[in-house]
Amino acid sequence: MGLLQDRRVLLAVSGGIAAYKSADLVRRLREAGAAVRVVMSAHAQQFITPMTLQALSGARVRSDIFDAEAEQGMGHIELARWAELVLVAPATAATLARLAHGHADDLISTLWLAAPGRKALAPAMNQQMWRAPATQRNVEQLRADGVLFFGPEEGEQACGDVGPGRLREPQALLLDLARALAPQDLRGVRVLLTAGPTQEAIDPVRYISNHSSGKMGYALAQAFADRGATVTLVSGPVALAAPVGVEVQRVQSAAQMLEAVQAGVAGQDIFVACAAVADYRPVSVAPRKLKKTENPGALMHLQLEPSTDILATVAARRPRPWVVGFAAETHDIEAYAQAKMQAKGLDMIACNDVSRSDIGFSADDNALLVLWPGGRRELATASKAHIAQGLVDTIIDVWRSKV
Ligand code: CTP
């Protein structure tokens, strides 16, 4: 199952230099399992050919509203009805203006008016044109009409300017679409997650930590939030943007993570411990930087003590949320994970095989074996966003059957 399996997306390409990126977007949409139809404005064809997008989408590309042959296949009203979501990418300033005012004077603006499904725009234009009061008025109007905006991004532009107006990257647009099309079946469900590594201070400039990137926990938080859950993420130090619609509490050490979890756990329905919490921390933190010049050549001894197991602490609470843990193993994965689930009193455990280099810590892909008392499910190698969706499905299926 792809991230957008069988979802029906109508991509409208309007005429800006970023139109060339629509080829990559169509390819990614198809790879994610979506059914894609493409329409183009006349100007878009100056930047990319209909043939390219036809080959990639596997369906005839339309650009003219008065195309008798195309109307015999799927008429434009039928096409508008077919789409679960219409995405205009890139959306130029002129297209925004026409859509904001309800013009139906070309194929894109006519389909836009006739489409009953969700609508999204990925603007791309010169930064001054984006900032222009007329464009901003149009954006405001479209937002008020319930239109979703994906981007624009800030950065260097084809014209040499720097500022807001770059088309969002195709991979980011794919995730935006998955979010926009996700069912809102977890409204009212409260989820608390931990993610990322922890850092255990040795002195004011040094610490002990690990390679966790936080990607899996962040993707999981996003997948819960996309389906309407109320999500709190307690995160160790990572270089990731906060997931959309998620409350993020940033901490550094295992002790701070424990404190934040204990402060937030009451009333949660589900707790998922994704964090790679440091198992040991220095017994004492030197108040000043340790200087090697003070003991030249001497061995350095660090005394470490175990940190509190946050997951086991939550699992031992009464009342407590439904508790999901993670396990990272290199061998005898299932046996170790079963033992860990029992020892910590968990409702479910998701296991990573960290002996594989293609998945795990900082990789973008992952694969999981998910176990619960009386059941198991394997989630085959896929992007972390995709695996996160599969794990949320699994958690929700089992949780709903048990509570
Ligand atoms: N965990 C936690 N608090 C800790 C340590 C771990 O919440 N202080 C959680 C992790 O978030 C993860 C699970 O416990 O969900 C991992 O269990 P753990 O026993 O730490 O696994 P390993 O570190 O792999 O342990 P071992 O070396 O025994 O395999």
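**A loop and its surroundings**

Modeller: Pro-319 sits in the loop that runs between helix H12 (310–315) and strand E16 (322–329). Helices (H or I, at least four residues) and strands (E, at least two) are DSSP runs, numbered from the N terminus. This is a predicted model: local features need pLDDT of at least 70, side-chain atom pairs count only at pLDDT 80 or more, and totals for chains, interfaces and linings use all residues. Residues are numbered from 1 along each chain as its sequence is written, and side-chain values use heavy atoms, with hydrogens and water left out.

Arg-318 and Pro-319 are joined by a cis peptide bond, with omega about -5 degrees. Asp-332 is not a glycine, yet its phi is positive, near 45 degrees. Its relative accessible area is 54%, so Asp-332 is exposed. The cut-offs: buried is under 20% relative accessible area, exposed is over 50%, and partly exposed is in between (1.4 Å probe, protein chains only).

E16 and H13 are also joined through side chains. Lys-340 forms a salt bridge with Glu-329, and the closest N and O atoms are 3.0 Å apart. Because Lys-340 lies in helix H13 and Glu-329 in strand E16, the pair ties together parts that are 11 residues apart in sequence. A salt bridge here is a side-chain nitrogen of Lys or Arg within 4 Å of a carboxyl oxygen of Asp or Glu. Glu-329 is buried, at 10% relative accessible area. Lys-340 is partly exposed, at 28%.

Now the wider picture. The structure holds 23 salt bridges. One of them pairs Asp-397 with Arg-377, the closest N and O atoms being 3.2 Å apart. Asp-397 is in helix H14 (residues 384–402) and Arg-377 in strand E19 (residues 375–383), 20 residues apart, so the pair links distant parts of the chain. Both partners are partly exposed: Asp-397 at 43%, Arg-377 at 29%. Asp-203 bridges to Arg-206, with the closest N and O atoms 2.4 Å apart. Here Asp-203 is buried at 2%, while Arg-206 is partly exposed at 36%.

Salt bridges also form a network: Glu-153, Arg-168, Asp-176, Arg-179 and Asp-226 are linked in it. Within that group, Asp-226 bridges to Arg-179 at 3.1 Å between the closest N and O atoms.

Domains come next. Domain 1 covers 2–180 and domain 2 covers 190–402; such bounds come from an automatic or database domain assignment. Their C-alpha centres lie 38 Å apart. Five residues from domain 1 and six from domain 2 take part in the contact, where contact means heavy atoms within 4.5 Å. The two domains bury about 490 Å² between them, 56% of it on carbon and sulfur atoms. Buried area is the accessible area (1.4 Å probe) that two parts lose on being put together, summed over both. Gly-2, Leu-3 and Arg-179 supply 84% of the area that domain 1 buries against domain 2, more than any other three residues. One salt bridge is found across this interface.

Asp-226 also belongs to helix H10 (residues 215–226). H10 has 12 residues and spans 16 Å from its first C-alpha to its last, close to the 16 Å expected; the expected span is 1.5 Å times one less than the number of residues. Of those 12 residues, 11 are buried. Among them are Met-216, Tyr-218, Leu-220, Phe-224 and Asp-226. Just after H10, Gly-228 has a positive phi of about 95 degrees.

Ala-89 and Pro-90 are joined by a cis peptide bond, with omega about -5 degrees. Pro-90 is in strand E3 (residues 85–91). Asp-6, which is not a glycine, has a positive phi of about 65 degrees. Asp-6 lies in the segment before strand E1 (8–13) and counts as exposed, at 55% relative accessibility.

Last, the cysteines. The structure holds zero disulfides, a disulfide being a pair of cysteine sulfur atoms within 2.5 Å. The sulfur of Cys-274 is 13 Å from the closest cysteine sulfur, in Cys-351, so the distance is too far for a bond. Cys-274 is buried at 15% relative accessible area. Cys-351 is buried at 2%.
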